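Hi,

Here is the structure I promised to pass on. Have a look at it first, then read my notes below.

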Amino acid sequence: MKTLRTTKSMNPVTKFLLAIIALSSWLVAGPAWSAIATVTVAPTSASIPLGQPTSVTLVWTVTRSAGGLVGTVSSSQGQFVVPGAGAAAVLATANNALYQANVPDGVPATLVESVLVPQDVAQRAMKLGVSNLLYQRTFADSLGGGTQMASITLNISSAGASGFGVTRMALSFDNGAPLRLLSRREPLSAQAEINFIGTGLLQGEWQVAGPPSTSSEPFYRTLSQVRQYFAGGAGQVLKSPALPTAGAGLHYVRFRISDPIPGFEAPVIRYFVGESGAGKDLPAEALVVTAPPPFALLADGTAFSWEAIKGARAYQVELYAADRSAAGALPGPGGGDPAPNPTDVSSALTHPPVAGMLVPGKLTSTTLSSATRQHLLPGYRYYWRVKAIGGDGSIIGMSPVRELSVP
């Protein structure tokens, strides 16, 4: 009669192989109890103004229960909903994902979110006969298992009764333009136009990034710190200290607000410092643009592209406001691309550009940043061109003017 062999009678190699097989089976199956145990959010309630966008800073705390294993907690989106009205009451979605990797089992993970509450969310909730709404998120574990949801109550109030918050910020230089081309040691400053709600203390920093960091990942240094009391609920303008213009090259400027944290990225404006006589020389070469085509409709991802000019240290994309009643297109020289009405173009170019981008000379394409897009109004037409800037700050190339429309 055959007898069963116990592990005590097995040789060491057999015992080791059986242990490997058992461990592999357990890892493939995964811990059946993997799940999100708890989710909390702080604060649990906040006030939002009726008729104005506002930002709310939230701290989500998530705890896992996963049999001792490390994992990732995540939430793909947040939703603004009317409480108790079911799935049909989703008013808007915030598509910014939150996640934190390498979270130990049973150790709380902290995720900070600054969510922008759109202006129409409170208005739509009021039309449904409610005075508050929920902002909720569902968190999941990378190892599977159950999920958990938490929410904050947003109470709709008048602008005067709401908390202090920044709703909008626009940056420009001292002449009102969003970009500048100037000589070394020419005086320059910037200004931030800030819209806010409520009353409180605003804290922020004027920061600048200069070459060579602006050719790759900008490195910002602080020029000055700002602590200013805001009251009255109207817009307020903050002026920067003198900006550095001793060094030639491309520079970025921003005003970074640290408190209250806004629900948007800090806008950035750019200026280029030349060695001498910046922008006073005539273009030495025609610059060829390849996109967008004449009379294009501007979309979020529209790329502005051109052919490289030898010796260019930077390129400047400029957009000018066009008269809405301007005439249509005229044939271009030699039967090429259609051109805008030359009289209207000449009139538009007598004014500073309403928007633009400065990009390093190694690039021949760019898209407009969200801050630049804010200067362009829906339903309006604009003229645009590209300038090539040499190492001394002079313009060494310029493209023909093209027209585009903002839908």
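Let's start with a term: a salt bridge is a side-chain nitrogen of Lys or Arg within 4 Å of a carboxyl oxygen of Asp or Glu. Before the details, note that this is a predicted model, where local features need pLDDT of at least 70, side-chain atom pairs count only at pLDDT 80 or more, and totals for chains, interfaces and linings use all residues. Residues are numbered from 1 along each chain as its sequence is written, and side-chain values use heavy atoms, with hydrogens and water left out.

By that salt-bridge rule, the count is nine. In one of them Arg137 pairs with Glu113, with the closest N and O atoms 3.0 Å apart. The two sit in distant parts of the chain, Arg137 in strand E9 and Glu113 in strand E8 (residues 109-117), 24 residues apart. (Strands, E, are DSSP runs of at least two residues, helices, H or I, of at least four, and both are numbered from the N terminus.)

Is Arg137 buried or exposed? Buried means under 20% relative accessible area, exposed over 50%, and partly exposed in between (1.4 Å probe, protein chains only). Arg137 has 0%, so it is buried, and Glu113, at 2%, is buried too.

Asp141 also forms a salt bridge, with Arg64, and again the closest N and O atoms are 3.0 Å apart. Asp141 lies in strand E9 (residues 132-141) and Arg64 in strand E3 (residues 54-65), so this pair ties together parts that are 77 residues apart in sequence. Both Asp141 and Arg64 are buried.

Then there is Asp174, which meets Arg180 in a salt bridge (3.0 Å, N to O). Asp174 is partly exposed at 41% relative accessibility, while Arg180 is buried at 14%. Shared partners join Asp174, Arg180 and Glu186 into one network.

Now the chain as a whole. It has four helices and 27 strands, and buried residues make up 42% of its 407 residues.

On to the nonpolar core, meaning a set of buried Ala, Val, Leu, Ile, Met, Phe, Trp, Tyr and Cys residues joined through side-chain atoms within 4.5 Å. The largest one has 32 residues, and Trp60, Phe80, Leu133, Tyr135 and Leu154 touch the most other members. Another core, of 23 residues, lies apart from it and includes Val166 and Phe173.

Tell me what you think!
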